[in-house]
Amino acid sequence: MKVVQWISFTLWLIMTFSIGYGLIYGDFWGEGAQLLQLLWGKLTLIDFYVGITLFSMWIVYREKKVMHILIWIFFFIILGNWTTALYVFITCIRSRGNWQVFWQG
């Protein structure tokens with residue numbers, strides 16, 4: 001469990017710095033528009049939303065409060081795998097080493 005916790009935290013940090021770098025040095029709207037012109041840009045977006053849908057199904061199964069479900073899914077849609085890594089990290093901490101609690105809530 002500790003390995004998953006540290007991997008998810010490390011990935012969250014990588015995503016945090018990557019997103020920050022992109023926001024500082026990139027042109028979100030201009031480059032995003034160019035990506036959507038490309039076939040692989042569209043396929044990557046489809047892949048992203050398929051992943052969000054599958055991961056959100058786990059959240060719906062796992063979380064008990066509707067508001068928590070809606071908040072997490074909202075941030076998955078907006079921030080992508082940054083939120084996924086954060087959710088896995090928090091879930092590892094809350095499950096206290098119990099894999100059943102990790103997977104099922």
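**A guided reading of a predicted helical chain**

E63 is buried, with a relative accessible area of 13%; buried means under 20% relative accessible area, exposed over 50%, and partly exposed in between, computed with a 1.4 Å probe and protein chains only. The model is predicted, so that local features need pLDDT of at least 70 and side-chain atom pairs count only at pLDDT 80 or more, while totals for chains, interfaces and linings use all residues. Residues are numbered from 1 along each chain as its sequence is written, and side-chain values use heavy atoms, with hydrogens and water left out.

The side chain of E63 meets that of R62 in a salt bridge, at 3.4 Å from N to O. A salt bridge is defined as a side-chain nitrogen of Lys or Arg within 4 Å of a carboxyl oxygen of Asp or Glu. R62 is also buried, at a relative accessible area of 8%. A search of the whole structure finds 1 salt bridge.

The wider fold may now be considered. The protein chain has 6 helices and 0 strands, where helices (H or I, at least four residues) and strands (E, at least two) are DSSP runs numbered from the N terminus. Read from that terminus, the order of elements is α-α-α-α-α-α. The C-alpha trace spans about 45 × 25 × 25 Å along its principal axes. Of the 105 residues in the chain, 25% are buried.

W72 lies in helix α4 and is buried, with a relative accessible area of 16%. I71 is likewise found in α4, but I71 is partly exposed, at 40%. The C-alpha atoms of W72 and W29 are separated by 24 Å, and the two residues stand 43 residues apart along the chain.

Together with L36, L45, Y49, V66, M67, L70, F74, F75, I77, I78 and L79, I71 forms a nonpolar patch with about 1100 Å² of accessible area. Patches consist of residues with over 30% relative accessible area and no salt bridge, with like charges joined within 9 Å and nonpolar side chains (Val, Leu, Ile, Met, Phe, Trp, Tyr) within 5 Å. Accessible areas come from the Shrake-Rupley method with a 1.4 Å probe, and for residues only the protein chains shown count as cover. Helices α3 (39-62) and α4 (66-79) each supply at least two residues of the patch, and the largest share, 9 residues, comes from α4.

L45 is found in helix α3 and counts as partly exposed at 36% relative accessibility. L45 and L35 are 10 residues apart in sequence and 9.5 Å apart in space, C-alpha to C-alpha.

The largest pocket has a volume of about 1000 Å³. Of the 23 residues that line the largest pocket, F28, G32, L35, L45 and I78 are the closest to its centre. Two or more lining residues come from each of α1 (2-25), α2 (28-37), α3 and α4, with α2 giving the largest share, 7 residues. On a 1 Å grid over the protein atoms alone, a pocket is an open set of points where a 1.4 Å probe fits, with protein on both sides within 12 Å along at least five of seven lines, and lining residues have an atom within 4 Å of a point. By class, the lining holds 14 nonpolar, 7 polar and 2 charged residues.

Key
Grid points are joined across faces, edges and corners, and a volume is the space filled by probe spheres set on the points. Ala, Val, Leu, Ile, Met, Phe, Trp, Tyr, Cys and Pro count as nonpolar, Asp, Glu, Lys and Arg as charged, and the others, Gly among them, as polar.
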